[in-house]
Amino acid sequence: MTNIPKKADILFSAYSVEPYQILKDAMKRKKEDIIQELLDSGLRGRGGAGFPTGMKWKFGAAEKADQKYVICNADEGEPGTFKDKKLLTDVPRKTISGMAICAYVTGATKGFIYLRAEYRYLLASLEKEIEVFEQKAKEFGLDFEIKIFMGAGAYVCGEETALIESMEGKRGEPRNKPPYPIQNGYLGKPTIVNNVETLASVSMVCRLGAEEYKKLGTSDQKGSKLFSISGDSPKEGVHELELGMKVSDFVTEYGDGDTKAIQVGGVAGYCIPRKKFESTIIGEGQTTGGSTLIFNSTRSMYRVLHNYLDFYAEESCGQCTPCRVGCQQLLKGIEAVKAGTKPPKYLDQLMKLSNTMNLTSKCGLGQSVTNSFTTIVENFREEMIF
Amino acid sequence: MTNITLKIDNVDVTVEKGTSILDAAKKVDIRIPTLCHHEDLCIAGNCRICVVEQIGKHTLTASCATPAEDGMEIKTSSPKIRKARKDIMSLLVSEHNTQCTTCYRSTNCELQDLAAEYNIDNETYLSVLKPNLEIDKSSWSIEKDDSKCIRCQRCVRTCADIQGVNALAVTEKGNEMRVSTFMHLTMNEIVCTNCGQCITHCPTGALTERRYYDEIWDAIDDPDKHVVVNTAPSVRVALGEMFGYEVGTQVTGQMVTALKKMGFDAVLDTDFAADLTIIEEGHELLARLKAALVDKDPNIKLPMITSCSPGWVKFIEHMYPNHLGHLSTCKSPQQMFGAAVKTYYAEKKGIDPSKIVCVAGMPCAAKKYEANRPEMRSSGYQDIDAGLTTREIGHMIKQSGLDFKDLENGEFDSLMGESTGAGVIFGATGGVMEAALRTVYAVITGRPVPFERLNITPVRGLKGIKEAGIKFENCLPEYSWLEGVEAKVAIAHGLTNARVIMDEVAAGTSPYHFIEIMACPGGCIGGGGQPIPTTDAVRIKRTEAIYKEDMEKPIRMSHENPEITEIYEKFLKAPLGEKSHKLLHTKYRTRKRY
């Protein structure tokens, strides 16, 4: 039986309540109450890593410092994702309001939107929005200012510590963790970094209440989520869906009738082959940033993987050995197997290597290469060879 | 201070909070391999060879970069770890030029050691070494071979954190990521002080000194040439490390014998020139003090700063070009030596100076550059023909087939081979200051410095910036103008510390009269030409050996060196005199910052 994935209409809904009214209302509440509301809502980071937002804020609020920062991560760089762009274009006040609520709760007085280099065209409109916000903040008596920081195009700068390094004028390379940004972030101060969608969702949780919000989703994943759908789909675009749908249902709705595989979570995510459509629920067991690429039977999965590895080999920051060299080895390795200069069993060696990369890389970039590599090689091994 | 306890390989370890897992393991003698880690430097955590298992965590943990936590359970050896480390080593080797047989650092290479330990082959992974990488041999001092680079960034951190120069930096990303220079300029075009600290912190052969020993062998083999070598004080307390001696062993006598057996026509002592430097620099200081205190000359620059360290000199030329007047005009001992060899020595020995090849054995990479500065030709020839590092001397001794450990002790040749304890201590940070104070105080008061056995301990040690004061009392009549004056001095080593001192000088707030600055941490004993590795533990031992040699010397003040007395009587006539001015003093140039 096919179920149509449940669509949600929260994030892009018109400003039924003026977002800054949400902020105003939030500021009447106790800080701990808001944190509790977020914890109750089950909201997790929407950038991909899925850390519980309420928890992050709780830690941020508990830090003692003369200065704290809130950073909105708008360096939307995961291939196949474009939801944050749409949020910032259509409903920027929801995100800005989320930042301000975060500032209120954690005691941060300065905020930044780290805007992806390719989104420079949004700069003027966002600056106008910030002017509007700052008027409101003054009116509400909230000591919080927002500046926009332009990224420069590196994929790795979406990783929060690399993002902070780049804001400090350094090379955009991930830091060793711990300490985490929540303790030692921008300029060494406690810094709460949240994704654009997460912050917009915070506004929505505050408006709807945790009870209402968590009615959507599954036991594992609460609420609604934006999916950036691309590839072989007649319905490419950003769709807000309730979490917890079967891949088969998703493909029926968004595929072109000939779907061979989907890649969930961008190049850092997983490939799901047709044979597992029925048994897999999107977002269960692993979180996703929402990038969903649909491939039909005309696509070569070797080309898909090659493309991913090519991307990784270039976008690794290069500092740590497993990621820098590992990505090159995986790329050269599948080329060698395809060309017949290495035997098919060399793929097993490469699988082990991707496991080592997962275990030893410094940041999520190198750690997650194994996701797409193993799921594509395991499920489409013959395409890698012949 | 809070203590925490964790378990490493089932052993309870109690350490101060904030200690890394790596250091906690060291405390109980558990060795974890490292590459990007160097105890002089900040933590990078980028090579990942030091990964360990943290119970309860799926991924492995970089032990150098992770603070130990209370109750943590760590395993440092397991199948998971061994496989991961072997893979990481294989990856590093796959992007490395593995022609170890032709590598200068072979048998003194951290990558080679670990590759052997993990039995790494060339088959597991494909080579991703970039083809056609050219070795940058443009600098007089430093060669850069990217095919040997493992991207550990030790050089980058050294240049940034210890030296504050940032000549080397990481550029590009991903598969193109590499250590390069501003705008990828060649090593001779960039703002580099040639200090060579990048070399001594490099785990492989990616950064090495430019070698000159083939030219020197040619000169030795040429019967027409009279080849003179002089060796700096720091060489004799470190050279032994090249032959398996314990760190801090003095091998002065064996070194002299080796050099003689190798065919050098004369083996002289740079310490002689160090004593000479003290006479010239001490009198320069007195002249400046008099001009400032008595004549109230507003153009006199105080504090006066030493100029023995060519890395430091190039640093100030680049970074503080408007303050070059503070530098002593004295050449470094090496260059004084060269100028004197090709004039005084040539004259006394009756040798045509054009036939003399003057070689300097130095703990230093910058000395190679200094020898080639156009200012350094005051004898009418290039004063020093080539500078060798301690490491190169070690290699040459090995090339000669000498069994270093079996050599008898030899004596330096005469005329410029006598030295005092004051000349010896030039090798350690604070040494030039101490030597200068010993002589200056004696000249002013007619008495030795009021420190027990002449040991001016406040200026010694590895503290980054040291300060001291010495009051002149009961001065001789001609120095009565210094009566009651307290000379304030400071000592800095490592260019980051030099910058602190210079910022004060530039702001006009420097409270000192005289400052000693050495480019390298620890002074010359920690120089860029010294055996590898150099760490603080090594610096301390080499320094101890320096002060031991000082104590063993019958004469410990430069002005009492009989050969110094002789050179002034027979040749130079007077400190700061006309000949001194021509041969022993120099000028500096302003340089750009990019």
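Me: In which hand, left or right, does H9(B) pass H15(B)?

Reply: This is a predicted model. The crossing of H9(B) past H15(B) is right-handed. Helix H9 covers residues 270-293 of chain B and helix H15 covers residues 431-445 of chain B; their axes come within 9 Å and cross at roughly 60°.

Me: How are H9(B) and H15(B) oriented, and why?

Reply: Angles from 65 to 115 degrees count as roughly perpendicular, those under 35 as roughly parallel, those over 145 as roughly antiparallel, and the rest as oblique. The axes of H9(B) and H15(B) cross at roughly 60°, and the two helices are therefore oblique to each other.

Me: Which residues make the contact between H9(B) and H15(B)?

Reply: H9(B) contributes B:Ile278, B:Glu281, B:Gly282, B:Leu285 and B:Leu286, while H15(B) contributes B:Ala435, B:Ala436, B:Thr439, B:Val440 and B:Val443. Sorted by class, this contact has seven nonpolar, two polar and one charged residues.

Me: Let us turn to sheets. In what order do the four strands of the open sheet in chain A lie?

Reply: Strands of a sheet pair through backbone hydrogen bonds, either parallel or antiparallel. In chain A the order is E3-E2-E1-E4, and the pairing is parallel. Strand E3 (145-150) and strand E4 (191-195) of chain A are the edge strands, each pairing on one side only. On average, neighbouring strands of this sheet are turned by 20° against each other, direction ignored.

Me: How many bridges join E2(A) and E3(A)?

Reply: Strand E2 (residues 110-115) of chain A pairs with E3(A) over six bridges, in the parallel sense. A:Leu115 has A:Met150 in E3(A) opposite it.

Me: Which strands does helix H5 of chain A lie across?

Reply: Helix H5 (residues 92-106) of chain A lies across strand E1 (69-74), E2, E3 and E4 of chain A, and runs at about 155° to E1(A).

Me: How should I read the domains, and what does the domain assignment of chain A give?

Reply: For chain A, the assignment gives domain 1 (19-213) and domain 2 (301-385). Their C-alpha centres lie 33 Å apart. Ten residues of domain 1 of chain A are in contact with eight residues of domain 2 of chain A. On the domain 1 side, the residues divide into seven nonpolar, one polar and two charged.

Me: What separation lies between the centres of domain 2 and domain 3 of chain B?

Reply: Taken over C-alpha atoms, these centres are separated by 28 Å. Nine residues of domain 2 of chain B touch eight residues of domain 3 of chain B.

Me: Finally, how many residues does each chain give to the contact between chain A and chain B?

Reply: The size of an interface is often given as the accessible area lost when the parts come together. Counted by residues here, chain B gives 28 residues and chain A gives 29 residues. On the chain B side, helix H2 (residues 79-94) supplies the largest share, seven residues. That side divides into 16 nonpolar, six polar and six charged residues.

Terms used. Residues are numbered from 1 along each chain as its sequence is written. Chains are lettered from A and ligands numbered from 1 in the order in which they are written. This is a predicted model: local features need pLDDT of at least 70, side-chain atom pairs count only at pLDDT 80 or more; totals for chains, interfaces and linings use all residues. Two residues are in contact if their C-beta atoms, placed from the backbone, lie within 7 Å. Ala, Val, Leu, Ile, Met, Phe, Trp, Tyr, Cys and Pro count as nonpolar, Asp, Glu, Lys and Arg as charged, and the others, Gly among them, as polar. Axes are lines fitted to C-alpha atoms, for helices over the stretch in contact, and angles run from 0 to 180 degrees between N-to-C directions. A crossing is left-handed if the near helix is turned anticlockwise from the far one by less than a right angle, and right-handed if clockwise. Two strands pair if DSSP finds at least two bridges between them. Domain bounds come from an automatic or database domain assignment.
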